[in-house]
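The sequence and the structure are shown first.

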Amino acid sequence: MFSQLPVRILRHERPSWKIPVTFVLAKRWKSVITTRTYDGAITLLNTLQTPHSILQARREAGIRIDSSDNDKLRVCLQKIGYTQSDLQKLNIIHISGTKGKGTTSSYVSSLLTHHSPPLKIGLFTSPHLLSVRERIRLNGLPLPAPLFTTYFFHIWDTLPSHLRPGYFRFLTLLSYHVFLSENVDAAVYEVGMGGEYDGTNIVERPAVSGVSSLGIDHVFTLGNTIEEIAWHKGGIFKAGVPAFSVPQPAGAMRVLEERAAERKVASFEVVDVDRRLDSVKVTPDAPFQRQNASLALALTDTVLLILDPSYTPSKTMLTPSLRAGIENMVFRGRFERIERAGVTWYLDGAHTKESICVAVGWFGGAVRNSKATRILVFNQQGDREAVELLEALYTNTQNERNLEFDHVIFCPTKTRSVQSAKKDFINNAHDATAITALTLQKQFVSKWREMAGEKPVIKVLANVDEAFEYIDTLAGTSEGEVQVFVTGSIHLVGTALSVLEGVDAL
């Protein structure tokens, strides 16, 4: 009987008793009712998101993250019972960058997971496609919901409410708890944003650090120049720890070298395309992906020298297990091709000008010699940056010979039914009023007409379900192949995959 009683947790108080089933979290004027299930954990986690109005106010006031945010996170780490010595046991591979950091992280995880003898590997990435538990992986697989739930509530209960950090930093703490509890041999950490002040950067001594290709992104937080951005990305370098980078623009490389010297790293090496990949299948088979795989191999070699005393890196070829790690790496929602009922779907999340250039090049190369009906589905909720991304998308289609779209669809990243939508998809950082009013999507229409003229049929639709129903109608009346390019927001790609596949996690 007592197990059914609600517990009311106010914003700055904790109950003096523990009842294992139901909680009521009072937040301002409304309560969030949840249970100790995975769904209940995500409901509570979402209360740690910063609302759009507050983010906007901070931006207008010029307030940016700084070292104090990680100082608070270190206090939280101690509160949940861990020290820097504990984190050092994780043999962390720490990866920052603008383009390719997620891919590189997934390659390292796959390489280490495939290594023989077997290893247990953690992987922490962001954002997620369908499920929050995709961000915390064991041997490449999303953390099972029961485990996520158990570990989540341990952290939630241990931290006083006034100390709980924001959404991303809470998940970072949770990942440390999971990986230490699960006794992983190594853990791969993809930086969320920047590096210097990123929540993953509280670790004082990772096993190795790496920087993927740099470009311009998150300019409000990181700066307007490649040099300013490189300063943040190089902030993950640590004293006595080896550091690697792919080739960078001259200004960025100069800053990374300065940061490496300032931090007194053990060594700093620029990684060119690894000759051991010459006969290895890399998907997509493009220079940028071989560069990502090469950085991953350099990081993996470094960690395996720590984990496996018998390991000796070859300069000419990969072991069968490492080759399998490259060829079998799966990174959903990036350069993904799905064939279904007469429609070929090409999905790639791309949120910077550089990444949209790569995405368009990949799609253009795949469809160049076909005469199919081509459909673009695009969204990015980012005000001015979103319109600039759309401009970059169109400009790059013009650089791809004969790449034109017959239909262009702009829709917000949501499904039709709010009630049935997964709580994992909730993102309070976006302006809900603007999403409902399709404000940004209408701007996209004006911009596309300005650039492309009257040729394509343009639709603004209220959600991804309506967009896909429209595509189904087109496919049903088309005499030939239909090709759909879904790009822009990674959340759009995730929602698209949820509609296409109907799975809980990827």
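Two strands are taken to pair if DSSP finds at least two bridges between them. The model discussed here is predicted.

**Strand E9 and its neighbours**

Strand E9 (residues 208-211) is joined to strand E4 (residues 92-96) by 4 bridges, and the two run parallel. Ser96 has Val211 of E9 as its bridge partner. E9 also pairs with strand E10 (residues 242-245), again in the parallel sense, over 3 bridges. Here Ser209 stands opposite Ala243 in E10. Which residues of E9 are buried on each of its faces? Val208 and Gly210 are buried on one side, and Ser209 and Val211 are buried on the other, so that both faces of the strand are covered, buried meaning under 20% relative accessible area.

Tyr346 has Phe485 in E17 as its bridge partner.

Rolling a probe the size of a water molecule over the atoms shows where empty space is left. The second largest pocket has a volume of about 500 Å³. Its lining comprises 27 residues, and those nearest the centre are Ser106, Arg137, Gly140, Val330 and Phe331. Helix H5 (101-114) and strand E7 (141-142) are the elements that give two or more residues to this lining. Which element supplies the largest share of the lining? That element is H5, with 6 residues. By residue class, the lining divides into 10 nonpolar, 12 polar and 5 charged residues.

**Backbone geometry in loops**

| Site | Feature | Angle |
|---|---|---|
| Ser116 and Pro117 | cis peptide bond | omega about 5° |
| Thr283 and Pro284 | cis peptide bond | omega about -10° |
| Asn183 | positive phi | near 55° |
| Phe335 | positive phi | about 50° |

Pro117 lies in the loop between H5 and strand E5 (121-124). Pro284 is located in the loop between strand E11 (267-270) and helix H11 (287-307). Asn183 belongs to the loop between helix H7 (167-181) and strand E8 (186-190), while Phe335 is in the loop between helix H12 (320-327) and E12.

Are Asn183 and Phe335 buried or exposed? Asn183 counts as exposed because its relative accessibility is 60%, where the cut-off for exposed is over 50%. Phe335 counts as buried because its relative accessibility is 16%, and the cut-off for buried is under 20%.

**A residue of helix H10**

Glu258 is found in helix H10 (residues 250-263). This residue has a relative accessible area of 43% and is therefore partly exposed. Glu258 and Ser370 are 112 residues apart along the chain, and their C-alpha atoms are separated by 48 Å.

Conventions:
Residues numbered from 1 in each chain as written. Predicted model: local features only at pLDDT ≥ 70, side-chain atom pairs only at ≥ 80, totals over all residues. Heavy atoms only, no water. Buried < 20%, exposed > 50% of the residue type's maximum accessible area, 1.4 Å probe, protein only. 1 Å grid on protein atoms, 1.4 Å probe; cavity = no way out; pocket = protein on both sides within 12 Å on 5 of 7 lines; lining within 4 Å. Points joined across faces, edges and corners; volume = space filled by probe spheres on them. Nonpolar A, V, L, I, M, F, W, Y, C, P; charged D, E, K, R; others polar.
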